[in-house]
Amino acid sequence: MTTTLTALNARISRMSDRDDFLTWVKTTLYEAEVALHNGDAGPRRAIWSHNEPVSVLGAWRNAHGRDQLEELFASLAESFSDCTSYRFELHAYDVVGEMAYTAGLEHTSASVDGEPRSYTLRATQVYRREGGEWRVAHRHGDTVT
């Protein structure tokens with residue numbers, strides 16, 4: 001009986017972790033991406049881990065470590081403006097202990113260096129919980145052809 005209750009409690013806790021993580025993805029992460037595409041990297045900086053290792057294998061540029069990450073976010077914020085649409089089409093996600101991931105398609109319409117563009121990126125991100133909060137640790141994005 002105790003083993004059954006322990007397993008049930010673990011399953012309920014895991015479901016709650018997944019629900020809480022998905023809510024964070026749909027609110028905090030989403031808002032940070034919209035802000036970046038409007039030229040404000042502050043919210044994205046706030047949700048990224050300050051602990052090494054951190055990395056981006058980006059559609060336009062790569063970054064490894066906090067210093068390169070800061071340069072990348074500043075560069076992206078300078079390039080992006082006038083976001084008219086951002087949608088994250090989530091294909092898969094999971095939470096395992098203090099780690100999580102998302103995989104999906106990002107559909108964006110924004111100005112890049114002053115020119116309106118619409119594009120779709122395949123994006124996979126890895127997250128870790130730090131101090132009870134989700135933080136992005138790695139991002140891989142590439143264009144869909």
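## Strands S3 and S4

In this predicted model, strand S3, covering residues 80-96, is joined to strand S4 by 13 bridges, and the two strands run antiparallel.

Strand S4 itself spans residues 99-112, and it is mostly covered, with 11 of its 14 residues buried.

## Strands S4 and S5

Strand S4 is also joined to strand S5, which comprises residues 115-130, and here 14 bridges hold an antiparallel arrangement. Several facing positions can be followed along this pairing: histidine 107 has threonine 120 as its bridge partner in S5, serine 109 stands opposite serine 118 in S5, and serine 111 stands opposite proline 116 in S5.

The hairpin of S4 and S5 has 2 residues between the strands, and in this hairpin a positive phi, near 55°, is taken by aspartate 113.

## Strands S5 and S6

From S5 the pairing continues to strand S6, made up of residues 133-143, through 10 bridges, and these two strands again run antiparallel. Among the facing positions of this pairing, leucine 121 stands opposite threonine 143 in S6. In the hairpin of S5 and S6, where 2 residues lie between the strands, glycine 131 takes a positive phi near 60°.

## The sheet as a whole

The pairings described above belong to an open sheet, which is formed by 6 strands in the order S2-S1-S6-S5-S4-S3. In general, strands of a sheet pair through backbone hydrogen bonds, and they may do so either parallel or antiparallel. In this sheet the pairing is mixed.

Which strands stand at the edges of the sheet? They are S2, which covers residues 62-64, and S3, and because each of them has a single partner strand, one side of each is left without a neighbour in the sheet. Going from one strand to the next, the twist averages 25°.

Strand S4 can now be placed in this picture: in the strand order it lies between S5 and S3, it is joined to S3 by 13 bridges and to S5 by 14 bridges, and 11 of its 14 residues are buried.

Conventions. Residues numbered from 1 in each chain as written. Predicted model: local features only at pLDDT ≥ 70, side-chain atom pairs only at ≥ 80, totals over all residues. Heavy atoms only, no water. Buried < 20%, exposed > 50% of the residue type's maximum accessible area, 1.4 Å probe, protein only. Helix = DSSP H or I, 4+ residues; strand = E, 2+ residues; numbered from the N terminus. Pairing = 2+ DSSP bridges. Axes fitted to C-alpha atoms, helices over the stretch in contact; angles between N-to-C directions.
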